[in-house]
Amino acid sequence: MVDTYEYLDSTPAEQARLAAVRRYQLVDRPAEAAYDRIAYIAATIVDTPIASVTMVEEDRVWLAACYGLAVREIGIEPGLCASAIGQDGIYVVRNAAKDPRTVEHPLVTGELKLRFYAAAPIRTRDGFRLGTVNVIDRKPRDPEQKHLRSLEYLAEIVADELELRLMAIRGSLR
């Protein structure tokens, strides 16, 4: 089990990433239709019962949208989304009950019984990985490459939505 994340520490790089998360003013806000649609599309494309759009904060993961669960935030340790933003590409856990990265995770051992998780990081134009577009299933899976690519495209759409949001925020400050 992972106890800490080197990239989620108090380094200047992580502080800059957290500032990037906060500049979009999406955390602690009511759900928005644009992100709800992305979560729904992700679940539909990959045919999973659960999907979400997340933002990784310092001590929690905020679900900007969640399809299939009535949850708005989860703790960061031990994190799936926090692990996913630690790399550039898709993060896949095919069978969480057997994967050493997740075998002790509360979502795996608890009531949800998570078995499959795939996430694409949401990257800003200035290179920060803010969160993920992810899909979850209660059964192990071996996803097709086209499904993983679709998650990447959806994460890019979220990044575009965030840039539009930032332009609106900056415009309202004038």
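The following paragraphs describe the fold of a single protein chain and then turn to selected residues within it. The structure is a predicted model.

The secondary structure of the protein chain consists of 5 helices and 6 strands. Along the sequence these elements follow the pattern α-α-β-β-β-α-β-α-β-β-α. The radius of gyration is 15 Å, close to the 16 Å that the globule rule gives for 174 residues, so the chain is as compact as a globular protein of that length. Taken along the principal axes, the C-alpha atoms fill a box of roughly 50 × 35 × 30 Å.

Of the 174 residues, 48% count as buried. Among contacts with a separation of 6 or more, 63% are made by residues 24 or more positions apart. The accessible surface of the chain comes to about 8,800 Å², and carbon and sulfur atoms contribute 52% of that area. As for charge, the chain carries 23 positive and 26 negative side chains, with the centres of the two sets lying 4 Å apart.

A pair of aromatic rings is described by the distance of the centres and the angle of the planes. The protein chain has 2 aromatic pairs. One of them is formed by Y40 and Y67, which are arranged edge-to-face, with 5.4 Å from centre to centre and 85 degrees between the planes. This pair links distant parts of the chain, since Y40 belongs to helix α2 (residues 33-46) and Y67 to strand β2 (residues 60-67), 27 residues apart. Y40 has a relative accessibility of 44% and therefore counts as partly exposed; Y67, with a relative accessible area of 34%, is also partly exposed.

Y91 and Y117 form an aromatic pair that is likewise edge-to-face, with a centre-to-centre distance of 6.2 Å and an angle of 70 degrees between the planes. Here the link runs between strand β4 (residues 91-93), which holds Y91, and strand β5 (residues 116-123), which holds Y117; the two residues are 26 residues apart. Both Y91 and Y117 are buried.

I74 lies in strand β3 (residues 73-75) and is partly exposed, with a relative accessible area of 28%. Leaving aside neighbours within four places in sequence, I74 is in contact with R60, V61, L63 and L107. T54 is 20 residues from I74 in sequence, and the C-alpha atoms of these two residues are 10.0 Å apart in space.

T124 is located in the loop between β5 and β6 (129-137). Its relative accessibility is 9%, and because the cut-off for burial is under 20%, T124 counts as buried. Beyond its neighbours within four places in sequence, T124 contacts R23, Y24, L130 and E163.

D28 is found in the loop between α1 (12-23) and α2, and its phi is near 65 degrees, a positive value in a residue other than glycine. With a relative accessible area of 49%, D28 is partly exposed. K113 is placed in the loop between α4 (106-109) and β5. Its phi is near 60 degrees, again a positive value in a residue other than glycine. The relative accessible area of K113 is 41%, so this residue is partly exposed.

Note on methods
Residues are numbered from 1 along each chain as its sequence is written. This is a predicted model: local features need pLDDT of at least 70, side-chain atom pairs count only at pLDDT 80 or more; totals for chains, interfaces and linings use all residues. Side-chain values use heavy atoms; hydrogens and water are left out. Helices (H or I, at least four residues) and strands (E, at least two) are DSSP runs, numbered from the N terminus. Buried means under 20% relative accessible area, exposed over 50%, partly exposed in between (1.4 Å probe, protein chains only). Contact means heavy atoms within 4.5 Å. The radius of gyration is taken over C-alpha atoms; the globule rule is 2.2 Å times the number of residues to the power 0.38. Accessible areas come from the Shrake-Rupley method with a 1.4 Å probe; for residues, only the protein chains shown count as cover. Lys and Arg count as positive and Asp and Glu as negative; His and the chain ends are not counted. The place of a charge is taken as NZ of Lys, CZ of Arg, CG of Asp or CD of Glu. Rings of Phe, Tyr and Trp (its six-membered ring) pair if their centres lie within 6.5 Å; planes under 30 degrees apart count as stacked, over 60 as edge-to-face and the rest as tilted.
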